[in-house]
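Subject: Structure handover

Hello,

I am passing this structure on to you, with notes on what was found in it. Please look it over before reading further.

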Amino acid sequence: MTDRSCRVLLVYPKFVPNSFWNYAEPCKLIGARYPAAPLGLITVAALLPQTWEFKLVNSNTDDLDTADIDWADMVMTGGMQNQQPDCLRLIDLCHAHDKPVVVGGPDVSSSPHLYVSADFQVLGEAEDVIKDFVSAWERGERSGIFAAEKFQVDVTKTPIPRFDLLTFEHYLYICIQYSRGCPFTCEFCDIIELYGRNPRTKTNAQMLAELDRLYALGYRGHVDFVDDNLIGNKKALKRFLPELKAWQEAHDYPFEFSTEASVNLADDDALLEMLKQTNFFAVFVGIESPDSETLIQMRKKQNTKRNIAECIHKIYGYGMLVTAGFIVGFDSEKASMADSMIDFIEDCAIPVCMVGMLFALPNTQLTVRLTKEGRLHEGYDIMAEDKGGDHCSFGINFDPKRPLRDILSDYRRILAHVFEPSAYAGRIDRLASMLNRSGRRRDLPEGDPRRRIGSIEGVYKIINAVPKAREIFWKTFNNCARNNPAALRYVVLLMAMYIHLGPFSRRAIEQIDQRIAALDQAEPAHAPAESRVAAAMT
Ligand code: SF4
């Protein structure tokens, strides 16, 4: 590649403020500003010529200074659908400063038509097309579209991300990636359309080199494997984990890991043990629905023919917390499914549940089907900031089979129950009784910022921040201190999450109430469902 220099401003757009995942408040307890560090942009920085100069601005942690735009020769940006409004604003701002903008990442790859104002689009996985982009730039071209062939990128050649561009203290955790893709077929999922069903993994040496770099840069603490499904290629993973364990031992366990995995993780005791040995402490699992028929219809068969609650409890038995996703609004749902969903969540004893309404993401099989059936709403892929933070408030961007009002009422009831303080604390209590932290280190490594919330002052701060739950949270804290002190740190962490989840759920409920009121106003009770749908989406 080139010796010539170029100044690149990498800007990570703001997430919409009221999203479930936007839990900036609990981060402040440890002095962080935002949960996750932007892995995509620092990977792109590593792919570009290293003679170029880079500046990274994460708009979620820092205000963008227009002097930085003026400094740059080009601005690179992009992200997920929840970042779409800020990304589009940024393109306009850069143009006002006469700077070309390159946009990439999942949302532009799925909905390029929304980003036509950008000068360059990099679609799909960047590794294979970045050289073409650089050559075009050096030839003096100032616009173009570079589309990667699907699922062809050899991730073993992906360089170590430029972790040095991050300010570690700004984040609750740093992200790394081992694999891309997932073998399953969930109809609503865009992962398999973006990254394929044949998970591609990095080499063991490559992963350890990434951890070496993080370690050498002085980072200690929580590292999240942002894989679509960490256990998508179990064979490769089982070859990697023993080396990861040896690395952790040799470095005195500087990192505690989390990830995302399918629920069939619970079928594999050997794998669970390996995750335990390597210091994984949390896993996000897509559970979606208690109803087998619904799971079959959404093509999530891996969740059927099993007792999900037992699977979750088994993962607790290996000392890992489970957070999970649940969805309301599938075609096959029976009337009033709120009670069965609530019972299901309570049985699982999962405190942090992301319950959302079905949202047809662009670039999914669900969207293909709904388009064929003429049920998809116009502008379904536009992130409407004013309608709420994400699919927790404005999901169902299509004509549902069940009356929309029923879906909204069910959803409202689930949210109101699940995030009611005593229900939340009750699930923490039950989880704490199952979380087996034996054989694990109790102390976080020196330098891990999460140590700040381990002190009794930290606990007071958290519990005082949730006045509605104060009494009940103290009870939960004391129960755990008495019965399973090794789990106490995680119980405190889950209580800290409520600083976000309590207000988040109240805001989401208000937005659902507004949608229901709009339906009631527009609709005479006997009007057909379709007209009520249209009213609620306007
Ligand atoms: S298991 Fe998760 S990542 Fe895999 S297809 Fe289903 S939703 Fe997508």
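This is a predicted model: local features need pLDDT of at least 70, side-chain atom pairs count only at pLDDT 80 or more; totals for chains, interfaces and linings use all residues.

Helix α20, residues 488-522, contains Asp 513. This aspartate has a relative accessibility of 31%, so Asp 513 counts as partly exposed.

Glu 125 sits in the loop between β6 and α6 (130-138), and it counts as buried because its relative accessibility is 6%. Asn 233 is 108 residues from Glu 125 in sequence, and their C-alpha atoms are 19 Å apart in space.

On the chain as a whole: it has 538 residues, of which 61% count as buried. DSSP runs give 21 helices and 15 strands. Along the principal axes, the C-alpha atoms fill a box of roughly 60 × 60 × 45 Å. A compact globule with 538 residues would have a radius of gyration near 24 Å, and the 23 Å of this chain agrees with that.

Next, the strands around β5. Strand β5 covers residues 101-104 and is covered on both faces. Val 101 and Val 103 are buried on one side, and Val 102 and Gly 104 are buried on the other. Strand β4 (residues 74-77) pairs with β5 in the parallel sense over three bridges, and the bridge partner of Val 75 in β5 is Val 101. Together with helix α4 (residues 84-96), β4 and β5 make a right-handed β-α-β unit. β5 also pairs with strand β6 (residues 120-123), in the parallel sense and over three bridges. There, Gly 104 has Val 122 of β6 as its bridge partner.

Why can strand β12 (residues 255-260) be called largely enclosed by the rest of the structure? Five of its six residues are buried. Strand β11 (residues 221-225) runs parallel to β12, and four bridges join the two. In this pairing His 222 stands opposite Glu 256 of β12. From β11 the chain crosses through helix α9 (residues 234-250) to β12, and this β-α-β crossover is right-handed. β12 pairs with strand β13 (residues 280-288) as well, in the parallel sense over four bridges. The bridge partner of Thr 259 in β13 is Val 283. The chain passes from β12 through helix α10 (residues 269-277) to β13, again in a right-handed β-α-β crossover.

The ligand comes next. Which residues are around the ligand? They are Cys 182, Phe 184, Cys 186, Cys 189, Asp 228, Lys 300 and Gln 302. By class, this shell divides into four nonpolar residues, one polar and two charged. One of the shell residues, Cys 186, has a relative accessibility of 8% and therefore counts as buried.

Last, the cysteines. A disulfide is a covalent bond between the sulfur atoms of two cysteines. How many disulfides does the model have? The count comes to zero. Cys 6 is an example: its closest cysteine sulfur is in Cys 94, 13 Å away, which is too far for a bond, given the cut-off of 2.5 Å. Cys 6 is also buried, with a relative accessible area of 3%.

Regards

Technical notes:
Residues are numbered from 1 along each chain as its sequence is written. Side-chain values use heavy atoms; hydrogens and water are left out. A residue is near a molecule or strand if one of its heavy atoms lies within 4 Å of it. Ala, Val, Leu, Ile, Met, Phe, Trp, Tyr, Cys and Pro count as nonpolar, Asp, Glu, Lys and Arg as charged, and the others, Gly among them, as polar. Buried means under 20% relative accessible area, exposed over 50%, partly exposed in between (1.4 Å probe, protein chains only). Two strands pair if DSSP finds at least two bridges between them. A crossover is right-handed if, with the strands pointing away from the viewer, the path from the first strand over the helix to the second runs clockwise. The radius of gyration is taken over C-alpha atoms; the globule rule is 2.2 Å times the number of residues to the power 0.38.
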